[in-house]
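Colleague: Let us go through this model by question and answer. I would like each answer to end on the value or name I ask for.

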Amino acid sequence: MMLLSVEGLSKTYPSGARQVPALKDVSLTLDRGRTLGLVGPSGSGKSTLARVLLQLVKPDAGSVVFRGTDLCALRGAELRAMRKHLQMVFQESLTAFNPRATVADAIGDPLRIHRIAGRRERPSHIAALLERVGLSPALALRSIHEISGGQRQRVAIARAIATGPDLIVLDEAVSALDVTVRSQILELLVSLQRDRGIAYLFISHDLAVVRAISHDIAVMDGGRIVEHGPSAEVTDNPKSDTGRALVAAVPRINYQAGGAR
Amino acid sequence: MKTVSRLIRSPEGLAGLILLALPIAAAIFANVLFPADPLSIAGPALVPPFSDPAFPLGTDRLGRDVLAGLVHGARASLAVGLAAALVALAIGSLVGTVAGLAGGLADEVLMRVVEAFQIVPGLLLALAFVSVLGASLPVVVLAIALGAWTGPARLARAEVLSIRERDYVASARVIGMHPAEIAFREVLPNALPPVLALSSVIVAGAVLIEAALSFLGLGDPNTVTWGAMIAEGRNVLRSAPYLSIIPGIGLVITVLGVYFFAEGLNNALAVRGIRS
């Protein structure tokens, strides 16, 4: 069942006097409960695509149809209400939270904004979410700065699933974590997907990680999607130059571990 | 709390606090120390300082107690200084935040207004404002704030421009937070520390402008102020210079104290900024 359908997205950023194209006619689709991995070298437009999907940046052309609605046409309160179904986890967990926030603030904000839990029920909701992502509910009162990077990324995931979204965009969400923490977070993401049928757009420059979690993979370069197919097909037999270069760049030992998952 | 302890441990911060303790104590206890109206005649005219135990700092041309005037004047100076700084900070950070977040035309218009206020010297602006609306304490406060809000506005805008690009603002938008809440709960509190450090400098400037206004006869005529005392003493400057010098010393201590305090606060906040 089609959840997200992106058609002909283009976005150009001004850089001095020049116009730098970040997205050129990007189209893709994503079904419910599936994971689309998005790989590509730095500057290929992955993060811009994420920001356009989340409507943090408006595209110059194209449409983002999510749950049957074109997000680009939504404004103000309508768009804010729709955000309940579409969440994002950022790469740098430290900068993705207000430096003054506590863990409870970070997870409680979406519950409050979308009126999912009143002031009274909120602490129990927050505790349940913390437990779901494998953290102690006692962490709720700690400041975001006091907990470790892995814990913070779990809090970011708890915040993202708080509103019961259909799609979470993970923009290099595990790239800043060390290897053991990374695999735990990937396991958490897979189990959440199994329980709740959440679809992921998993953005990374690391093909081994993407292969481990994705059903399909899209390869981006220069603002275009140059290759798109089932995960195994793209990693085993890449057809585009960029795809081949990314596969060749994966350290062999990591790749086998990823494939065995 | 850490900021406070760092403030006390820095030499500037400590010096500022000690210097400020005097005028602050005077302002708080003015009514206890000198319950009588400081503008009423208390004794013979022009008693020199340190000659009569009843009037330790002497009396002025009309026989009013200089020490009582000095103590009550501290209250007016500090109250006007703090109130003006508060108003300037509130307006400035509000305008700066809105300009920085809104961008585009709103930003252009607001910043041109800021520049329009900046090219007029603060004292001149206050003079014009008070001459039009008449001298009373609220008008004087507003007049001083009118010349002082541009600094906080520019600083707040610069901070907001850097903060609004950070991930946590994007993250707040992603969870569907209302733009007004993003502005005042996510952005403004984080833009405030450097603006607050500016506040002490504004207090010092406000105290001086208030004194200048009173000196020119544009202060509130029903409150004792140091500026008015200096102006009063000017008539007998050659025979009784102490009448102008004593409130002048009060001004020096207050402004110097506020500046030191500002410096200490700035350093304490800067250390915190590096740490976080």
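Colleague: Which residues line the largest cavity?
Modeller: This is a predicted model, where local features need pLDDT of at least 70, side-chain atom pairs count only at pLDDT 80 or more, and totals for chains, interfaces and linings use all residues. Residues are numbered from 1 along each chain as its sequence is written, chains are lettered from A and ligands numbered from 1 in the order in which they are written, and side-chain values use heavy atoms, without hydrogens and water. On a 1 Å grid over the protein atoms alone, a cavity is a set of points where a 1.4 Å probe fits but cannot get out, and a lining residue has an atom within 4 Å of a point. The lining consists of A:Gln87, A:Met88, A:Val89, A:Phe90, A:Ala96, A:Phe97, A:Ala156, A:Arg159, A:Ala160, B:Ser171, B:Val174 and B:Ile175.

Colleague: Which elements each supply at least two residues of that lining of the largest cavity?
Modeller: Helices (H or I, at least four residues) and strands (E, at least two) are DSSP runs, numbered from the N terminus. Chain B contributes α8 (167-174). From chain A come β6 (86-89) and α5 (149-161).

Colleague: How many residues of the lining of the largest cavity are nonpolar?
Modeller: Ala, Val, Leu, Ile, Met, Phe, Trp, Tyr, Cys and Pro count as nonpolar, Asp, Glu, Lys and Arg as charged, and the others, Gly among them, as polar. Two lining residues are polar and one is charged. The nonpolar ones number nine.

Colleague: How much space lies in the largest cavity?
Modeller: Grid points are joined across faces, edges and corners, and a volume is the space filled by probe spheres set on the points. One cavity of 30 Å³ or more is counted by this rule. The space in the largest cavity is about 80 Å³.

Colleague: What area is buried between chain B and chain A?
Modeller: Buried area is the accessible area (1.4 Å probe) that two parts lose on being put together, summed over both. Carbon and sulfur atoms give 50% of the area between these chains. In chain B, B:Asp167, B:Val174 and B:Ile175 lose the most area to chain A, together 36% of what that side buries. The whole buried area is about 1900 Å².

Colleague: Which residue has its backbone oxygen 2.8 Å from a polar atom of the side chain of A:His114?
Modeller: A:His114 sits in the loop between α3 (103-113) and α4 (122-132) of chain A. Contact means heavy atoms within 4.5 Å, and A:His114 touches residues including A:Arg80, A:Lys84, A:Thr163 and B:Gly176. The backbone oxygen at 2.8 Å belongs to B:Ile175.

Colleague: Is A:His114 buried or exposed?
Modeller: Buried means under 20% relative accessible area, exposed over 50%, and partly exposed in between (1.4 Å probe, protein chains only). The relative accessibility of A:His114 is 13%, so A:His114 counts as buried.

Colleague: And A:Asp25, is that buried or exposed?
Modeller: A:Asp25 is part of strand β2 (residues 18-31) of chain A. Its phi is near 50°, a positive value in a residue other than glycine. With a relative accessible area of 52%, A:Asp25 is exposed.

Colleague: What is the relative accessible area of A:Arg67?
Modeller: A:Arg67 lies in the loop between β4 (61-66) and β5 (69-70) of chain A. Phi of A:Arg67 is near 50°, again positive in a residue other than glycine. A:Arg67 is partly exposed because its relative accessible area is 37%.

Conventions: Polar contact = N/O pair within 3.5 Å; in protein donor to acceptor, adjacent residues only side chain to side chain. 1 Å grid on protein atoms, 1.4 Å probe; cavity = no way out; pocket = protein on both sides within 12 Å on 5 of 7 lines; lining within 4 Å. Lists of a residue's contacts leave out its neighbours within four places in sequence.
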